[in-house]
Amino acid sequence: MNRTTVGGPQLGGGRGAGGVVVVADPAGAGNGRVTPLLANALTPSVHLRADDFRRAVRQGFVAAHLPQAHRQNETALAAAIQAAFAFATGGYQVVLDATVAPETLDVLRRESRTTGAPLHYVVLRPADQAGEPDRHTVDAGAEPAVTAGAVLDGLTRGAFLLGW
C-alpha cells in the first residue's frame, strides 16, 4: 500500500507523492475548525494556515486588511504555497487553509504542474449564503465534523481535483 493512502483518501494519485487540498472560505464559514479535522483524517499529513505565514512577519507587519499590506500578504501566501508543495513532494497530504483569489489559482496550478503533486480546491460556503454550490463548494452549515466528512467524501471521489 502506498504510504499516502493510509488513513484517508489518496490525494497523491498513487505515485508516492502527496497532494495538496486548498480549503478556502469567506470569513466565518468555519475553515479554522474544519481544516484541522481534515488533516487529522489524512496520513501522513500537514496542516498549513496561510495566516500563520503572514503573522511570521515581525518587523514591518501591516494588518492584512490595509491596502499597504498587499505585498506582505502576497509574499506570505506564496511562501505557504511553496511550503505546501514541498511537503506534498515529500509524500505528505497537505491541507492548506488560505484565502484564494482567482490569480492565486493560477499560482497553485503552476506549482501543481511543476511538482506533479495533485491539487484539490474546496470552498466552504457559510450557512447564511444563498446560491447553488458549484463542484468545488461544500456547505459549511453543519457541525465541523460533518463538513469535514463531506470534504473527505469529495476528495475520495476526486470531486475537488483542479486541473492544470
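**View 1. The open sheet of the predicted model.** Five strands form an open sheet in the order β2-β3-β1-β4-β5, with parallel pairing. Strands are DSSP runs of E with at least two residues, and helices are runs of H or I with at least four, numbered from the N terminus; two strands pair if DSSP finds at least two bridges between them. The edge strands, β2 (45-49) and β5 (137-139), each pair on one side only. From one strand to the next, the twist averages 25 degrees. This is a predicted model, in which local features need pLDDT of at least 70 and side-chain atom pairs count only at pLDDT 80 or more, while totals for chains, interfaces and linings use all residues. Residues are numbered from 1 along each chain as its sequence is written, and side-chain values use heavy atoms, without hydrogens and water.

**View 2. Pairing of β1 with β4.** Strand β1 (residues 20-24) runs parallel to strand β4 (residues 119-125), and 5 bridges join them. V21 stands opposite H120 in β4.

**View 3. Strand β2 and its partner.** β2 and β3 pair in the parallel sense over 5 bridges. S45 stands opposite Q93 in β3. In a regular strand the side chains alternate between the two faces of the sheet. The covered face of β2 has V46 and L48, and the uncovered one has S45, H47 and R49.

**View 4. Helix α3 on the sheet.** Helix α3 (residues 70-89) lies across β1, β2, β3 (93-97) and β4. The helix runs at about 165 degrees to β3, where axes are lines fitted to C-alpha atoms, for helices over the stretch in contact (heavy atoms within 4.5 Å), and angles run from 0 to 180 degrees between N-to-C directions.

Definitions and conventions. Buried means under 20% relative accessible area, exposed over 50%, partly exposed in between (1.4 Å probe, protein chains only).
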